[in-house]
Amino acid sequence: MAVLIRMSRAALATTLLAAATAFSPSRGPAGSLLRSTSTSTSTSTASSTSALWASQCGTYDYDVIIVGCGVGGHGAALHSRAQSLSTAVFSGKDIGGTCVNRGCVPSKALLAASGRVREMKNAAHLSEFGIEVEGEVTYDREKVAGHARQLAQRVKGNLEGSLVALGCDIVEGRGVLTGQPHEVKDEASGKVYTAKDIILAPGSIPFVPPGVTVDEKTVYTSDGALELNSVPEWVAIIGSGYIGLEFSDVYTALGSEVTFIEALPNIMPTFDREIAKMAERLLIRDRPIDYRTGVFASEVTPGIPGVKPVTIKMIDANTKEHVETLEVDAAMVATGRVPNAKDMGLENMGIETQRGFIAVNEKMQVLTKHEDGEVIPHVYCIGDANGKMMLAHAASAQGISAIENICGREHVVNHDAIPAACFTHPEIAMVGPTEEQAIERAAKEGWTLGKSQGNFRANSKALAELEGNGIAKVLYNKDTGKVVAVHIIGIHAADLIQECANAVAAGTTVQELSMMVHTHPTLCEVLDEAFKGAVGMSAH
């Protein structure tokens with residue numbers, strides 16, 4: 001039976017809620033702070049909590065129910081409580097969702113550990129620092145995997161603790177729409193809860209193409225890869241996006257050979273072309289990696305470790321004719337993700353999905369369908385399930401935006417200002433459209449595109465780190481001076497991109513940015529060089 005978790009931590013709840021509210025435009029129109037009478041941890045049933053909230057929410061158990069507790073659902077819940085809205089989160093026993101448990105967080109742990117191994121094995125690089133490592137550099141696979149698991153558990157616990165401390169109720173079952181307005185049913189217990197507004201945040205799951213058999217041992221998705229049950233001698237990675245690239249970084253650092261299988265004509269097809277070409281040189285050519293492009297993995301058959309190889313049959317993406325069969329030790333399927341929205345009662349509300357994605361308007365309100373759909377009152381959808389931008393921090397931003405709209409303060413997320421990063425060594429980061437997309441946009445909208453570039457090889461801090469490879473490319477509107485996009489490949493690119501995302505969000509011009517002072521010597525001077533170059537200035 002699913003239970004509803006509540007914990008009374010009055011002092012902490014008051015402190016955190018006050019801090020969260022301080023960053024809010026104003027107080028919300030409904031609800032009040034969760035009242036607590038006990039300082040001990042407690043577990044109560046759903047029925048007692050419904051009675052508690054009924055007096056505060058009128059005819060509903062809660063002001064807001066959030067279905068899903070990934071980064072998006074968590075962000076929505078925190079902001080909901082900051083507005084003094086009574087809030088329940090249906091966690092589906094998966095607090096933290098994909099990002100924390102099977103994605104962003106544990107993968108960074110693997111990248112951090114494998115990155116240390118790569119660095120310590122690079123004797124030529126270390127010798128330039130005057131460092132010598134005697135003996136063989138080794139690693140313990142199980143401990144590396146354990147580091148990832150422990151990090152995920154720690155972050156998951158922090159997320160749950162923050163929800164409870166702020167007075168959110170956590171329903172452990174999966175939430176399902178009943179078809180009646182304002183209702184969500186706990187799939188485990190069958191109990192129905194009501195709320196004035198409902199936010200759907202079910203997240204996503206790995207997409208496995210037809211013909212691919214996954215056993216999560218020799219043929220696996222990112223879920224299985226994060227377990228690091230083995231380090232194959234030769235692994236094929238199907239797909240060359242963010243996930244595939246990051247795992248190629250992990251595997252090659254730990255001693256594997258990698259073959260990418262990409263259906264589109266170019267490797268790394270979603271990246272800016274100039275950046276992708278440089279990434280090919282830095283992340284692929286100098287490593288034990290090769291690739292096939294323009295082919296589908298039409299049939300993938302699991303093997304038996306040490307006994308039978310994984311078999312991958314490939315066909316031409318255009319002619320569909322068989323072109324090659326590979327036999328490898330393992331295959332990772334990194335072909336994207338699809339919404340985890342199946343069997344959650346969408347059809348009961350008259351919601352038609354498209355490839356599983358739920359249609360929403362710019363306010364995150366759910367529509368009956370993608371083409372000319374009508375708004376379903378008091379129902380919102382955020383995160384991967386709406387397909388607008390499948391990133392954890394985008395989901396959180398959408399969740400905050402949904403709460404703003406629920407409170408009557410109209411808000412729209414500017415997705416062009418949301419940055420993204422690929423945590424390879426070196427990193428890749430971007431905000432806004434690719435240069436190819438920006439050229440099309442400028443032609444369509446009638447403005448002139450400008451381009452300026454900074455180089456890591458001219459940066460003192462990068463040279464001190466012996467990491468002079470990479471560039472920062474700034475795209476801007478020549479007519480207004482506003483920054484349109486920035487693409488970076490180089491050391492700590494994921495950290496550098498935030499300044500650029502802020503500039504896009506605020507509408508800051510390259511003229512303004514060129515006069516802002518950057519700390520010397522730091523990596524961010526690569527951006528200073530690009531900003532100054534856009535207006536004809538030079539940077540030292």
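In this predicted model, Lys191 sits over the face of Tyr193, 5.5 Å from the ring centre; a charge counts as over a ring when NZ of Lys or CZ of Arg is within 6 Å of the ring centre and within 35 degrees of the ring normal. The model being predicted, local features need pLDDT of at least 70 and side-chain atom pairs count only at pLDDT 80 or more, while totals for chains, interfaces and linings use all residues. Residues are numbered from 1 along each chain as its sequence is written, and side-chain values use heavy atoms, with hydrogens and water left out.

As for the overall picture, the protein chain holds 16 helices and 25 strands. Of the 540 residues in the protein chain, 52% are buried. Here buried means under 20% relative accessible area, exposed means over 50%, and partly exposed is what falls in between (1.4 Å probe, protein chains only). Looking at contacts in the protein chain with a separation of 6 or more, 65% come from residues 24 or more positions apart, where contact means heavy atoms within 4.5 Å.

Back to rings. Three aromatic pairs turn up in the count. The rule is that rings of Phe, Tyr and Trp (its six-membered ring) pair if their centres lie within 6.5 Å, and planes under 30 degrees apart count as stacked, over 60 as edge-to-face and the rest as tilted. One of the pairs is Tyr242 with Phe271, a tilted arrangement with 5.2 Å centre to centre and 40° between the planes. This pair ties together distant parts of the chain: Tyr242 belongs to helix α9 (residues 242-253), whereas Phe271 is in the loop between β12 (257-262) and α10 (273-285), 29 residues apart.

Next comes helix packing. Helix α3 (residues 71-82) packs against helix α7 (residues 141-165) at an angle of about 25°, and their axes are 10 Å apart. Axes here are lines fitted to C-alpha atoms, for helices over the stretch in contact, and angles run from 0 to 180 degrees between N-to-C directions. That makes α3 roughly parallel to α7, given that angles under 35 degrees count as roughly parallel, over 145 as roughly antiparallel, 65 to 115 as roughly perpendicular and the rest as oblique. The α3 and α7 crossing is left-handed, a label used when the near helix is turned anticlockwise from the far one by less than a right angle, with clockwise giving right-handed. At this contact, His74, Ala77 and Leu78 of α3 meet Leu159, Ser162 and Leu163 of α7.

Two alanines in strands are worth a look. Ala88 is part of strand β4 (residues 87-90) and is buried, with a relative accessible area of 0%. Its C-alpha atom is 6.3 Å from that of Ile66, 22 residues apart along the chain. Leaving out residues up to four places away in sequence, Ala88 touches Tyr62, Val64, Ile65, Ile66 and Asp169. Ala236, in strand β11 (residues 234-238), is likewise buried at 0% relative accessibility. The C-alpha atoms of Ala236 and Glu257 are 8.5 Å apart, with 21 residues' separation along the chain. With residues up to four places away in sequence not counted, the contacts of Ala236 are Thr259, Ile261, Ile312, Val328, Ala330, Ala331 and Met332.

Towards the end of the numbering, Thr509 is in the loop between α14 (493-506) and α15 (510-514). Thr509 is buried, at 13% relative accessible area, and touches Thr480, Gly481 and Lys482, again without residues up to four places away in sequence. Helix α16 (residues 525-534) is largely enclosed by the rest of the structure, because eight of its 10 residues are buried. Among the buried residues of α16 are Val526, Leu527 and Phe531. Their cover includes β23 (449-455), β24 (471-477), β25 (483-490), α14 and α15. Just after α16, Gly536 adopts a positive phi of about 85°.

Conventions. Helix = DSSP H or I, 4+ residues; strand = E, 2+ residues; numbered from the N terminus.
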